[in-house]
Amino acid sequence: MHADAVVLDIDGVLVDVADSYRRAIVESISRLYDRTIDKSDIQRFKDASGFNNDWELTYAAALYLLADDRRPVSLAAFTDRIHERGGGLSAAEAVAEAHLSADDYAAVRDEWDPEGLREAFQALYLGTDLYRDLEGGDPPFEAPGYIHDEPVVVDGETLDYLTSNHRVGVLTGRPEAEAEIALSRALLSVPPEHRFTMDDWEAGKPDPHALTTLAERFDADSVVFVGDTLDDVQTAVNAAAADESRTYHGVGVLTGGLTGEDGREKFASVGATAVLDSVNDLPAFLGDAEE
């Protein structure tokens with residue numbers, strides 16, 4: 001394997017979001033409904049595909065709880081049905097509608113408040129000051145901001161190797177402003193034309209457009225995309241199918257929600273070229289591959 005360009009996800013790759021984004025998912029639901037999912041349950045939605053956007057994952061998890069209140073269903077069954085319908089929020093809505101009677105589904109829709117969930121999520125994640133700066137108004141409540149609780153995963157030596165030996169890009173589901181904060185904390189400088197955020201393309205992962213566009217901008221013959229979810233690897237697989245003129249490799253890392261042997265098996269099942277313990281193993285992996 002040879003890589004002209006290396007494209008990095010942010011969450012679970014450069015920074016640890018277990019106590020920021022994932023905590024905000026759990027607690028925003030709890031604030032509105034006095035009930036929530038476990039943090040470990042978030043991975044079931046990620047594995048179902050189509051939840052690159054954590055706001056939409058929050059909406060889907062709340063929808064599940066409201067549906068479960070009306071007619072009990074296990075989370076495993078609910079997320080499996082989402083996966084069968086292609087993943088994402090629209091699939092979650094279809095699953096809830098199919099699971100409930102028409103009257104119960106209408107009642108659930110009345111209770112479901114995506115906008116309220118988003119406001120709570122942003123208040124928890126950004127904190128009061130950043131909420132005012134980035135959202136342009138007052139938050140629904142005061143909070144210190146979980147964004148400040150994101151340990152950096154990537155080592156400086158890793159970034160030095162990557163930027164010295166490869167063209168480096170970023171592909172993330174974060175909004176641009178939040179991506180800037182994480183990249184600054186990780187000490188990785190990437191020009192706007194070499195990164196894609198939520199603000200740059202609507203489809204989100206695993207749609208391959210962002211990755212193939214970065215490959216074109218780098219004029220790269222071979223690209224490695226490093227991520228912590230199955231959708232990240234699937235993005236590389238989809239890019240390879242969409243762009244036969246280049247080689248794409250999806251590399252999974254076990255510093256997000258997927259861990260251990262189970263995580264390795266799940267990554268392998270969707271076509272990962274390799275599974276690494278963390279992004280800091282990438283220099284040795286690429287160095288060995290290029291020798």
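Which residues line the second largest pocket? Hi everyone, let's start there. The lining is made of Gly50, Phe51, Asn52, Asn53, Glu56, Gly173, Met198, Trp201, Glu202, Ala203, Gly204 and Lys205.

A quick word on the background. This is a predicted model, where local features need pLDDT of at least 70, side-chain atom pairs count only at pLDDT 80 or more, and totals for chains, interfaces and linings use all residues. Residues are numbered from 1 along each chain as its sequence is written, and side-chain values use heavy atoms, with hydrogens and water left out.

Now, what do I mean by a pocket? On a 1 Å grid over the protein atoms alone, a pocket is an open set of points where a 1.4 Å probe fits, with protein on both sides within 12 Å along at least five of seven lines; lining residues have an atom within 4 Å of a point. Its volume is the space filled by probe spheres set on the points, which are joined across faces, edges and corners.

Our opening pocket holds about 200 Å³ of space. Domain 1 (5-16 + 152-286) and domain 2 (18-147) both contribute to its lining, so this pocket lies between them. Those domain bounds come from an automatic or database domain assignment.

The largest pocket has about 310 Å³ of space. It has 16 lining residues, and Arg44, Asp47, Ala48, Leu230 and Lys266 lie nearest its centre. Helix H2 gives the most to this lining, with five residues. Helices here are DSSP runs (H or I, at least four residues) and strands are too (E, at least two), numbered from the N terminus. The largest pocket also lies between domain 1 and domain 2, because both give residues to its lining.

Let's move on to some backbone details. Ser49 sits in the loop between H2 and H3, and its phi is positive, about 85°, although it is not a glycine. Is Ser49 buried or exposed? Ser49 is buried, with a relative accessible area of 15%. Buried means under 20% relative accessible area, exposed over 50%, and partly exposed in between, using a 1.4 Å probe and protein chains only.

Compare Asp219, in the loop between H10 and strand E4 (222-227). Its phi is also positive, near 50°, but Asp219 is exposed, at 59% relative accessible area.

One last stop: the peptide bond from Lys205 to Pro206 is cis, with omega near 15°. Lys205 takes us back to the opening question, as one of the residues lining the second largest pocket.
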